[in-house]
Amino acid sequence: MEAVSVKECIRVKLPEAFELPRRFGVSWGCLTQGAFRGVDAVVAEGKGRGVYFRYVLPYDANAKRYMAEYGQRERREGYGISPTLAEALYELAERHEVEVVIEKTQYKTYYYAVVNGVKIDGRLCYRESLRDCVNKVVRWVKEEKKWRESLRLLRIREEVLNAVAEWYFRCFGETANQLKVAKRLEEYHTLCQMRSAAKREFGVAPTERDLRRAFWWDGEWGGRALSCFVTEREAVCRWGGAKWKFTVRAGTDGVYIKPESPLYQEWIKAAHRGNDS
């Protein structure tokens with residue numbers, strides 16, 4: 001069997017400015033041909049505590065030096081995750097869930113981090129110190145979670161109000177002030193039951209306004225039992241096996257009803273003012 005040769009890694013020491021790799025026990029990288037847009041570069045990779053990093057630094061092998069000068073904590077805005085943010089993520093990984101994400105499209109590569117389920121823009125912390133960056137990330141996560149919770153409660157509120165509006169329309173056949181109905185739901189539920197009973201027993205569908213002034217009344221007329229649903233405008237009564245419509249008149253001493261027929265002129269007292277019946 002022919003042996004397969006493995007290309008030996010040519011180690012090159014990383015610039016002193018790069019503190020994060022050293023925290024992972026990495027102080028050098030491998031000189032790799034064409035690694036940076038066709039230019040030779042030193043590639044250093046590492047992973048620990050859920051944080052992954054990869055540096056690709058253009059390198060002149062003939063001059064044995066990096067093509068760029070890297071100052072302490074250099075911040076090059078627009079080139080992936082800032083060094084300060086990378087170090088902050090390393091520290092946060094001890095107490096938080098940290099993930100670094102790289103998304104590539106046809107034209108661009110996006111870098112960002114996820115801390116406790118909250119996306120952190122990779123452009124964060126280009127001008128802050130390490131401690132300020134850590135505090136900024138923690139504050140960002142808290143504010144984002146607070147905003148998400150507010151949004152969740154707002155959506156629940158909207159769903160509840162929409163459900164209330166739908167229920168009101170099914171019961172009363174008209175639109176309503178959602179918030180008003182939600183605050184007095186028990187009251188509206190009673191009115192809905194009252195309307196359903198009136199529709200079932202007497203074939204009428206009174207409005208909410210009529211229901212608020214309506215009442216049930218059982219009495220006697222012509223020697224027979226009389227059962228009525230009385231509103232401000234009219235009353236529908238069951239007398240024997242027939243349904244009758246009655247005119248309604250409100251007096252100072254109570255409510256009176258009379259059949260809608262010229263043959264009957266007698267007013268029947270249906271209820272007294274202030275009487276629960």
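**Note on the disulfides, a helix and a hairpin**

1. Cys125 and Cys133 form a disulfide (a pair of cysteine sulfur atoms within 2.5 Å), and their sulfur atoms lie 2.2 Å apart. This is a predicted model, in which local features need pLDDT of at least 70 and side-chain atom pairs count only at pLDDT 80 or more, while totals for chains, interfaces and linings use all residues. Residues are numbered from 1 along each chain as its sequence is written, and side-chain values use heavy atoms, with hydrogens and water left out.

2. Is the link of Cys125 and Cys133 right-handed or left-handed? With 95 degrees about the S-S bond, this link is right-handed. Cys125 counts as buried (under 20% relative accessible area, where exposed means over 50% and partly exposed lies in between, with a 1.4 Å probe and protein chains only) because its relative accessibility is 2%. Cys133 is buried as well, with a relative accessible area of 0%.

3. A search of the whole structure finds four disulfides, and with bonded cysteines counted along the chain they follow the pattern 1-2, 3-4, 5-6, 7-8. One of them joins Cys228 to Cys237, with an S to S distance of 2.0 Å. The torsion about the S-S bond of Cys228 and Cys237 is about 110 degrees, so this disulfide is right-handed, and both Cys228 and Cys237 are buried.

4. Another disulfide is formed by Cys171 and Cys192, whose sulfur atoms are 2.0 Å apart, and with 125 degrees about the S-S bond it is right-handed. Because Cys171 lies in helix α3 (residues 130–172) and Cys192 in helix α5, the pair ties together parts that are 21 residues apart in sequence. Here helices (H or I, at least four residues) and strands (E, at least two) are DSSP runs, numbered from the N terminus. Cys171 is buried at a relative accessible area of 10%, and Cys192 counts as buried at 12% relative accessibility.

5. Helix α5 covers residues 185–202, which makes 18 residues, and reaches 25 Å from its first C-alpha to its last. That is close to the 26 Å expected at 1.5 Å a residue, where the expected span is 1.5 Å times one less than the number of residues. The buried residues of α5 include Tyr188, Leu191, Cys192 and Met194, and Arg195, Ala197, Ala198 and Phe202 are also among them. After α5 comes Gly203, whose phi is positive, near 75 degrees.

6. Which side chain does Glu208 meet in a polar contact? Glu208, in helix α6 (residues 208–212), makes this contact through its side chain with the side chain of Tyr188, at 3.2 Å. A polar contact is a pair of N or O atoms within 3.5 Å; within protein, one must be able to donate a hydrogen and the other to accept it, and residues adjacent in sequence count only if both atoms are side-chain atoms. Leaving aside neighbours within four places in sequence, Glu208 is in contact (heavy atoms within 4.5 Å) with Tyr168, Phe172, Glu174, Tyr188 and Leu191. Glu208 counts as buried because its relative accessibility is 14%.

7. Strand β9 (residues 215–221) and strand β10 (residues 224–230) pair in the antiparallel sense over seven bridges, where pairing requires that DSSP finds at least two bridges between two strands. The bridge partner of Trp216 in β10 is Phe229. β9 and β10 form a hairpin with two residues between them, and Gly222 in the turn has a positive phi of about 60 degrees.
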